[in-house]
Amino acid sequence: MAAPSAPHATAPLEPARLPSVDRLLQSAELQPLLADYGRIATTDAVRQVLEDLRQQLRAGTALVPESVATGALAAQIGRQLAQLFAPRLRSVYNLTGTVLHTNLGRALLPQAAVEAVVEALTTPANLEYDLATGGRGDRDDLVEALICRLTGAEAATVVNNNAAAVLLTLSTLASGREVVVSRGELVEIGGAFRIPDIMGRAGCKLVEVGTTNRTHARDYEGAITADTALLMKVHTSNYAIQGFTKSVPDAEVTTIAHANDLQMVVDLGSGTLVDLRQWGLPHEVTVRETIDAGADVVTFSGDKLLGGPQAGIIVGKKELIAKIKKHPMKRALRVGKLTLAALEPTLRLYLHPEALAQNLTTLRLFTRPQADMRSQAEQLAPLLQHALGASWTVDTAELHSQIGSGALPVDNLPSWGLQIYPASGKQAGRQLQQLEARLRALPRPIIGRLHDDALWLDLRCLEADALDGFIAQFFLLRTDGAAQAQP
Ligand SMILES: *Cc1c(COP(=O)(O)O)cnc(C)c1O
């Protein structure tokens with residue numbers, strides 16, 4: 001129903017001229033919305049749209065009759081409902097160059113984990129049920145043997161994330177007592193995880209030793225008192241201290257701890273289960289190496305280098321893990337069945353290391369051949385250039401990706417990608433920000449990185465199966481009319 005478009009079209013409207021909720025709900029234009037979204041949500045949206053209009057009228061905003069025609073109102077109501085029903089957690093393309101990007105959800109899970117999660121979501125499972133005895137089981141039993149086999153530890157338990165693992169370990173083993181840590185290791189991991197704060201929450205007293213750049217064995221020895229519960233080492237995940245530095249190796253700190261009847265705890269952060277050098281990657285200390293160095297308890301994340309779901313894994317001496325599991329906070333920090341369903345098949349991939357770089361998604365991304373990314377860049381550059389038009393220059397470029405999430409912060413992985421510059425240097429900064437926003441506004445947002453007066457798209461995380469969907473969105477970027485055929 002078209003509103004008259006005529007001489008009185010701009011005359012302000014009286015609130016009384018707004019249609020009623022009932023009349024709108026009965027109109028032909030609303031019937032498709034009622035079918036798609038249901039009566040309750042649609043009625044809410046109708047009320048909201050009418051209320052907004054009434055407020056505009058009260059505020060003296062001149063409304064033209066066209067804006068309250070049933071067709072226009074239905075379109076407005078439809079937009080509200082579509083927004084309400086649209087998922088907030090959305091897939092994006094991570095072309096930031098950081099593979100384990102904390103803000104983009106860290107590790108992508110292997111197919112085996114995806115299948116196990118779907119099954120656990122839709123069928124009952126023996127989460128805490130012992131199939132051998134028919135009695136009650138322990139959810140940690142599902143993965144403990146596997147974790148021990150892969151790390152050489154005596155026992156293991158799993159909690160919500162590594163922050164929880166550190167908190168629970170310290171609360172159990174050192175509450176009310178002193179914990180000795182090097183000043184060079186008092187890290188803050190993005191957001192709220194700071195070692196000194198966690199210590200406080202766990203009820204421990206932090207005893208800092210050494211200096212920011214150098215800590216010696218005698219610093220640990222000198223700090224030990226009758227109140228000391230343990231010595232702790234924290235992996236300096238997201239930064240490196242370079243130059244005139246000294247830190248004491250895990251094995252040596254362990255020797256000092258054990259000579260004084262203390263325990264040695266290591267927060268490994270990322271903690272990998274395999275030596276990454278076999279794939280030409282930089283060395284990151286493994287959980288097994290840390291256990292072999294004598295650590296009594298080691299904590300690490302499930303969704304960093306390990307490549308699994310968000311989790312905190314605690315491994316170590318049997319009697320210490322048993323104590324940790326009995327702490328009342330364990331119940332509050334435990335993982336759900338979806339996490340365990342995803343973790344178990346991810347860990348099992350490590351039993352077959354020869355196939356790991358193929359099957360473990362994160363490792364496959366870390367080891368992606370440069371030639372692959374380069375030919376992808378060469379294929380994409382002209383397509384993106386065509387879509388963006390002459391006001392932009394799209395170049396292929398050799399880039400450097402990062403592992404991310406604090407793993408190996410100073411090591412870069414050579415990769416390939418695209419660099420996009422404004423063709424005219426005028427207001428380059430603003431133009432680039434607008435382009436970045438356009439890419440973020442796509443149905444599946446493309447997240448790149450602004451650097452050196454260009455927008456960089458690192459192709460490491462754009463695997464072949466995602467390429468068609470990626471290219472299909474380019475026509476939405478065209479400013480010269482999207483109706484033109486693709487070349
Ligand atoms: C990442 C990290 C943490 C926190 O781990 P989450 O799994 O994100 O909770 C703690 N300590 C270190 C050293 C880390 O690198």
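The accessible surface of the protein amounts to about 23500 Å², and carbon and sulfur atoms contribute 52% of this area (Shrake-Rupley method, 1.4 Å probe; for residues, only the protein chains shown count as cover). The model is a predicted one, in which local features require pLDDT of at least 70 and side-chain atom pairs pLDDT 80 or more, whereas totals for chains, interfaces and linings use all residues. Residues are numbered from 1 along each chain as its sequence is written, and side-chain values use heavy atoms, with hydrogens and water left out.

The C-alpha trace spans about 95 × 55 × 45 Å along its principal axes. The protein has 19 helices and 16 strands (DSSP runs of H or I with at least four residues and of E with at least two, respectively, numbered from the N terminus). Of its 487 residues, 48% count as buried (under 20% relative accessible area, 1.4 Å probe, protein chains only). Among contacts (heavy atoms within 4.5 Å) with a separation of 6 or more, 73% involve residues 24 or more positions apart.

Ser-182 lies in strand E4, which covers residues 178-182. With a relative accessible area of 4%, Ser-182 is buried. Its contacts, apart from neighbours within four places in sequence, are with Val-209, Thr-215 and Tyr-220. With Thr-215, Ser-182 also forms a side chain to side chain polar contact at 2.7 Å (a pair of N or O atoms within 3.5 Å; within protein, one must be able to donate a hydrogen and the other to accept it, and residues adjacent in sequence count only if both atoms are side-chain atoms).

Note on methods
Buried < 20%, exposed > 50% of the residue type's maximum accessible area, 1.4 Å probe, protein only.
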